[in-house]
Amino acid sequence: MQTTEFTILFKSLRASNNLTLTSLSEELNLSLTYLRDLENGNRKPNEKIVESLITFYNLDNAQKRILYDAVAKSTDSLPFDIVRFLKNNPVSLAHVIEIMEQSNSKKEGR
């Protein structure tokens, strides 16, 4: 079992809504084993489960940001919403790449 920001948030959301893992499993149409593994840190959340949680709990923008960031830290990756944004906005992606290249050049002393 690995406690992460996501596992803490996942359990907190469930508990604050007075849900058991069984009832959440039924509501989301996901296996109890899968949800138990998520809550215990034995599985990493994917974008589909994160979006299901956002919809189910009706999270506002601030709560979404907290969830996305918790998942990113727990999975050592970029937040799903940022990846989606960059995929859908090639100009923004090009700017990020340019900034990265400039940063790398400065680090290398160019």
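How does the radius of gyration of the protein compare with that of a compact globule of 110 residues? The globule would come out near 13 Å, but the protein has 17 Å. The radius is taken over C-alpha atoms, and the globule rule is 2.2 Å times the number of residues to the power 0.38.

1. Ground rules. This is a predicted model, where local features need pLDDT of at least 70 and side-chain atom pairs count only at pLDDT 80 or more, while totals for chains, interfaces and linings use all residues. Residues are numbered from 1 along each chain as its sequence is written, and side-chain values use heavy atoms, with hydrogens and water left out.

2. Overall build. You're looking at 7 helices and 0 strands, in the order α-α-α-α-α-α-α along the sequence. Helices (H or I, at least four residues) and strands (E, at least two) are DSSP runs, numbered from the N terminus. The C-alpha trace spans about 55 × 30 × 20 Å along its principal axes.

3. The protein exposes about 7400 Å², and carbon and sulfur atoms supply 51% of that. Those areas come from the Shrake-Rupley method with a 1.4 Å probe; for residues, only the protein chains shown count as cover.

4. Contacts along the chain. Take the contacts between residues at least 6 apart in sequence: 50% of them join residues at least 24 apart. Contact here means heavy atoms within 4.5 Å.

5. Charges. There are 14 positive and 14 negative charges, and their mean positions are 3 Å apart. Lys and Arg count as positive and Asp and Glu as negative, with His and the chain ends not counted. Each charge is placed at NZ of Lys, CZ of Arg, CG of Asp or CD of Glu.

6. Helix α6 and Asp81. Have a look at α6 (residues 80–88), where Asp81 is found. Phe80, Asp81 and Leu86 are buried in α6, and the buried residues of this helix pack against α4 (47–57), α5 (61–75) and α7 (90–107). Asp81 counts as buried because its relative accessibility is 18%. Leaving aside neighbours within four places in sequence, Asp81 is in contact with Arg65 and Tyr68.

7. Aromatic pairs. Rings of Phe, Tyr and Trp (its six-membered ring) pair if their centres lie within 6.5 Å; planes under 30 degrees apart count as stacked, over 60 as edge-to-face and the rest as tilted. By this rule there are 2 aromatic pairs. Phe6 and Phe10 form a tilted one, at 5.5 Å centre to centre with 35 degrees between the planes. Both lie in helix α1 (residues 5–16), 4 residues apart, about one turn of the helix. Phe6 is buried at 1% relative accessible area, and Phe10 is buried at 2%. As for Phe56 and Tyr57, their ring centres are 5.0 Å apart and their planes at 75 degrees, so that pair is edge-to-face. Phe56 counts as partly exposed at 29%, whereas Tyr57 is buried at 11%.

8. Two asparagines to check. Asn18 has a phi near 55 degrees, a positive value in a residue other than glycine. Asn18 lies in the loop between α1 and α2 (21–28) and is exposed, at 70% relative accessible area. Asn29 also has a positive phi, near 60 degrees. Asn29 sits in the loop between α2 and α3 (32–39), and with 69% relative accessible area Asn29 is exposed.

Terms used:
Buried < 20%, exposed > 50% of the residue type's maximum accessible area, 1.4 Å probe, protein only.
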